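Here's a quick briefing to read alongside the sequence and the 3D view. Keep both open and follow along topic by topic.

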Amino acid sequence: MTRHDFTSDNVAGAMPEALEALCRANHGFAASYGEDEACTRAADAIRELLDADAEVWFVACGTAANALCLSALAAPHEAVLAHEHAHVVVDETGAPAFYGAGLALIGLPGPSGRIDAAALEKTLRRGEDPHWQSPAAISLANATEYGAVWKTEAFAAIAAKARAGGLKIHLDGARLANAVAAGFEPASLARAGVATLALGGAKAGATPTEAIVLLDKSLGGRFGARLKHAGQLVSKSRFLAAPWIGMLEGGAWQTRAVHANAMARRLAEAMPFRIAHPVEANAVFADMDRAAYKRLREAGWFVWRVADGSVRFMCSWATTAEAVDALAADLGRIAEETGARPKARAAP
């Protein structure tokens, strides 16, 4: 039997708090296209989380959330800077360019998914040129594609460099819950000058729902029309908004992420292969050769080899200690059979 426990954090079902709120929203009749009580209440909960007066819209998937955010920050003849392995660069099938009518993505290097400040400065020094798409914005992620967490102060510093270079800031917050569970302050985003935020619901434990948060409210003009044009202005928006009420009002969005992060640490402690990136959120990345990876798949564990060649193990709100221990036992056996030896781990 194939097990998907660690394939991604979007393979788990929805947390009980989200489902209960969804069921409550199903009673009776409500206004459509975001004019209902659930949308208002969920948006207020998000504004409270961020301690900011922001405009909030709900969409059905993270690809649309990120792409629509970026399309509001860069014109078709402009570019968005991002980490070279960021989700918006390697996993969105050109959606930012599609929604942005041709905007470009420029990948920058940096350890564990965090953009290197020197690389950012070098790109900004290139300046304006009519023969290339000059950058108008930057997309950052917290937690990053490699499970690293920007600390509050470090995020503020990279954001300040971006703003000084004239860039607007977007945050891919698909796993912001895990970053917050690791100590990142969500209220710092507005202070850091983030203009748009794609706030993650599905990976945090909701049904399919993501929140577009316009911390720069000047971007809100005709944004509803932008969503409608993109096929993301959902008529029964209460079903996208309600899970957020369940997750945020009782704190489950963060406490469930605390559990996911703890399960990743448990797996890391038992990992017999070299850990490729610091374990700071809910992911463990291990260096496994082809033979070991093949045996892991044959043992029934479906996990991905990612852009840098490491193998990714994702934990979720629903990951159990028993599942971690079962995976760890198989990894230990495979390491012994293939002659792998534990090596020095990546520096935190």
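Helices (H or I, at least four residues) and strands (E, at least two) here are DSSP runs, numbered from the N terminus. You're looking at a predicted model, where local features need pLDDT of at least 70, side-chain atom pairs count only at pLDDT 80 or more, and totals for chains, interfaces and linings use all residues. Residues are numbered from 1 along each chain as its sequence is written, and side-chain values use heavy atoms, with hydrogens and water left out.

- Seven strands make up an open sheet with mixed pairing, in the order 1-7-6-5-4-2-3; two strands pair if DSSP finds at least two bridges between them.
- Strand 1 (55-59) and strand 3 (104-108) are the edges, each pairing on one side only.
- Neighbouring strands of this sheet are turned by 20 degrees against each other on average, direction ignored. Axes are lines fitted to C-alpha atoms, for helices over the stretch in contact, and angles run from 0 to 180 degrees between N-to-C directions.
- Strand 4 (residues 135-141) and strand 5 (residues 168-173) run parallel and are joined by five bridges, with Ala141 partnered by Asp172 of strand 5.
- Helix 2 (residues 37-50) packs on the sheet, touching strand 1, strand 6 (194-200) and strand 7 (210-214), and its direction makes about 120 degrees with that of strand 1. Contact means heavy atoms within 4.5 Å.
- Helix 7 (residues 152-164) also packs on the sheet, where it touches strand 4, strand 5 and strand 6; its direction is at about 145 degrees to that of strand 5.

**A loop residue: Ala86**

- Ala86 sits in the loop between strand 2 (79-83) and helix 4 (87-90).
- Its relative accessibility is 14%, so Ala86 counts as buried (buried is under 20% relative accessible area, exposed over 50%, partly exposed in between, with a 1.4 Å probe and protein chains only).
- Arg114 is 28 residues from Ala86 in sequence, and their C-alpha atoms are 9.1 Å apart.

**Around strand 10**

- In a regular strand, side chains alternate between the two faces of the sheet.
- In strand 10 (residues 311-314), Val311 and Phe313 point one way and Arg312 and Met314 the other, and all are buried.
- Strand 8 (residues 283-286) runs antiparallel to strand 10, with four bridges between them; Val284 stands opposite Phe313.
- Strand 9 (residues 304-305) is also antiparallel to strand 10, joined by two bridges, and Trp304 stands opposite Arg312.
- The hairpin of strand 9 and strand 10 has five residues between the strands, and there Gly309 takes a positive phi near 95 degrees.

**Helix 12 against helix 14**

- Helix 12 (residues 252-270) and helix 14 (residues 321-338) pack at about 20 degrees, with their axes 10 Å apart.
- That makes helix 12 and helix 14 roughly parallel (under 35 degrees; over 145 is roughly antiparallel, 65 to 115 roughly perpendicular and the rest oblique).
- On the helix 12 side the contact includes Met263 and Leu267, and on the helix 14 side Val324 and Leu331 are among the residues involved.
- The contact residues split into eight nonpolar, no polar and two charged. Ala, Val, Leu, Ile, Met, Phe, Trp, Tyr, Cys and Pro count as nonpolar, Asp, Glu, Lys and Arg as charged, and the others, Gly among them, as polar.
- Leu331 of helix 14 is buried, with a relative accessible area of 0%.
- Leaving aside neighbours within four places in sequence, Leu331 is in contact with residues including Leu267, Met288 and Phe313.
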